[in-house]
Amino acid sequence: MATSDRGAPTGTDPGPDVFGALANPVRRRILELLADGPRNAGAIAGEFELSRPAVSEHLAVLRRAELVTEEVRGRERHYALAAGPLAELDDWLRPFERYWRHTLRGLRDHVEATAPPITPSTGDDQ
């Protein structure tokens, strides 16, 4: 997932819009469901209080982002998680995770160094 400094995909092919696909909570929930294994479209739709066409649109966005694969079996469509783009996203986010872990560790150290000690209550205060 090559991106420019503005986060847009580089090159002439705009590439899949993984960030756009993940921006919607319904699509994130679909990915969570598929992490447990492939499901048909009806089983996925049954997990939401949305119409089947609405869930179908979400699945189409996930397909275009290459986050799911689709297999037609007779009259059913089966979907499976395609983790490749998520692994690329994880690689991209890893430096930020290290940054936040370091920042939060510094905050913890500061609070522990400056906060007054906490003494256990004996219950006699009341």
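**Set-up.** I am working with a predicted model, where local features need pLDDT of at least 70, side-chain atom pairs count only at pLDDT 80 or more, and totals for chains, interfaces and linings use all residues. Residues are numbered from 1 along each chain as its sequence is written, and side-chain values use heavy atoms, with hydrogens and water left out.

**Glu66.** I looked up phi of Glu66 and found a positive value, near 60 degrees. Most residues other than glycine have a negative phi. Glu66 lies in the loop between helix H4 (52-64) and strand E2 (68-73); helices (H or I, at least four residues) and strands (E, at least two) are DSSP runs, numbered from the N terminus. Glu66 has a relative accessible area of 47%, and I call it partly exposed because that term covers values between buried (under 20%) and exposed (over 50%), with a 1.4 Å probe and protein chains only.

**Second largest pocket.** Which element gives the most to its lining? I found H4, with five residues. Among the lining residues are Arg52, Pro53, Glu76 and Tyr79. A pocket here is an open set of points on a 1 Å grid over the protein atoms alone, where a 1.4 Å probe fits, with protein on both sides within 12 Å along at least five of seven lines; lining residues have an atom within 4 Å of a point.

**Trp100.** I placed Trp100 in helix H5. Helix H5 covers residues 84-114 and gives eight residues to the nonpolar patch, the most of any element.
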